[in-house]
Amino acid sequence: MERAITTWQMDRAYFIEEKLHEITRTICQHIDDKRLEDICGTGLYCGSGGVVLFLSHYFRKYTAKISADIYEKYFYQFIENLTDEPQVSLTYCNGLVGALEALKMMNASSLIELDYSEIEASYDTEMWSWMSYCFANQNYDFLHGALGVAMHFKDNPRYIENTLLRLEETAVKNDGKRKWISRLGQNQPYGYNICLSHGMSGMIIYLSQVYQSGVMAELNKQLLEKAVCYVLSQEIDHTQYGCYFPSQSLENGDFISRSRLAWCYGDLGVAAALWQAGKATANDLWSNKALEVYRFSTGRKDLQNAIVHDAGLCHGTAGIAMMFAYMYRETSDVEFKNARDYWIDQTLDMSRFIDGPAGYKQFIANNGKHVEWKNSYSLLEGIAGIGFMLLSILDVSAEQDLLSSFALY
C-alpha cells in the first residue's frame, strides 16, 4: 500500500511539472505575440505584476532560454510602465499598489535587487489620498479599495494608524460588534459583507497581520475582537446548508444559499481570517473554529456542491488547493494535505479545452447564470495563477510568495 501511494505521488509531481512547463511556454509565447488579452494594468491580480511574479519564480527554478529571454523583455517593459507612464489605477488588483507589492516580494525572495522606493515615494500623496477617499466612500475592498493599500503598507506605522482610525470612525457599532457597510458588488446595493476578497474577513486578516506592530494596540485589539464577534454571529447550520457561513451576511436578506468553496467568498476565506486572528491573539476558540470549518470543508469534494466551475485561484480548483496547502503548512495535518492533493488533481483535470491556453478557460457568469468561457492569463483567474499554485507545490519560496499574494502569510 505504501509503495502504491508513493508511486502515485511521484506521478502527480510529474504531471504537475509537465503542466507547469506548458503553462509557462504558453504565457511566454503569448507575451511574444502580444496576446495576453485580459492582462489589465500593472497590478498583482489582473495586471502584469502577477505574471512577472510567477515567471520570476519559475525561471529561478527552471532553465528555458528562449522563454526566459521573452520574460526578461516583459519584465523590463513592466518596470518601464511603472517609471515612465502615469499610473491611472492605484489598486492592488489592477494598479500601482499591486505592482509595488510584486516588487516587494521579489526583492524579499532575492529574485531581483531593485530599489523601487523612488516610485513608491513619488506616488505616496496619491496613494494616501486615494485610500482616504475609499474609506470615505465605504470602499474597504481588498482588491479594489482601501484595504489593498493598507495591506501593502502593513509595516508602515503611519498607514497602520490611519487605517485603524478610519475603520473605527466608519464602523457600525452595536451589540459589542463592529461591522461595515459597503457595496456588495458592481451595480449592487450596499450591505454587510463577511468575505475575504471584498469584506470583513479581509479586514480581520489585515488587523491580525498588524497586531504585533504595537501601533495603537488597544484600538487594534478592540476592532479585531469585535469584527470577529460579528463574523461569528453569521454562522449558519452547516448540517442544513452544507457550509458554515453565507456568502455575504444574514442581514442582507432572508434567503440563505450554500456559499461556494473558495478563497474569495465562503467558508475557506472566513476560516482563514479566524485562523489568523486566533494565531495573532492566542485565542484558541477562534483557531479551533477555523479548524472545524476547514475539516468540514475537506469533505466538500463535489464540484457542483462546492460551486466550482473552473481552475482559477479566485474561486476555482487551484484556489481551493492553495487554501488547503496553506492549512497544511500551518498545521502539518495530513487531512489538509490529502485535500490539497485532491484539488490539485481536479485542477489538472480542468485542462480540457482544445482552444484554451494550456487547456484552461475561465468560467464567466452573470447573476449565477453561465455567459461564456474565456481565455485568461492573470494571477487571479487565469493560467499564471494556476501555474503559480502548481509551482508552489514544488518550490518553498514560490509557496511563500503565493500565500503572501493572497493575504495568507
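Predicted model: local features only at pLDDT ≥ 70, side-chain atom pairs only at ≥ 80, totals over all residues.
Setting aside neighbours within four places in sequence, Arg-12 is in contact (heavy atoms within 4.5 Å) with Asp-341, Ile-344 and Asp-345. Arg-12 sits in helix α1, residues 2-32, helices here being DSSP runs of H or I with at least four residues, numbered from the N terminus. With a relative accessible area of 8%, Arg-12 is buried; the cut-offs are under 20% for buried, over 50% for exposed and partly exposed in between, with a 1.4 Å probe and protein chains only. Residues are numbered from 1 along each chain as its sequence is written, and side-chain values use heavy atoms, with hydrogens and water left out.

Now for the charge pairs. The structure holds 19 salt bridges, each a side-chain nitrogen of Lys or Arg within 4 Å of a carboxyl oxygen of Asp or Glu. Lys-104 and Asp-155 pair up at 3.7 Å, N to O. This pair links distant parts of the chain, with Lys-104 in helix α4 (residues 96-108) and Asp-155 in the loop between α7 and α8, 51 residues apart. Lys-104 is partly exposed at 22%, and Asp-155 is exposed at 63%. Another bridge joins Arg-158 to Asp-124, with the closest N and O atoms 3.4 Å apart. Because Arg-158 lies in helix α8 and Asp-124 in helix α6 (residues 124-136), the pair ties together parts 34 residues apart in sequence.

Glu-235 and Lys-289 also meet in a salt bridge, at 3.2 Å from N to O. Glu-235 is in the loop between α10 (217-232) and α11 (238-241) and Lys-289 in helix α13 (residues 284-297), so this bridge ties together parts 54 residues apart in sequence. Back at Arg-12, salt bridges that share partners join Arg-12, Lys-337, Arg-340, Asp-341 and Asp-345 into one network.

Beyond its neighbours within four places in sequence, Lys-154 is in contact with Ile-160, Tyr-206, Gln-209, Val-210 and Tyr-409.

Methods:
Helix = DSSP H or I, 4+ residues; strand = E, 2+ residues; numbered from the N terminus.
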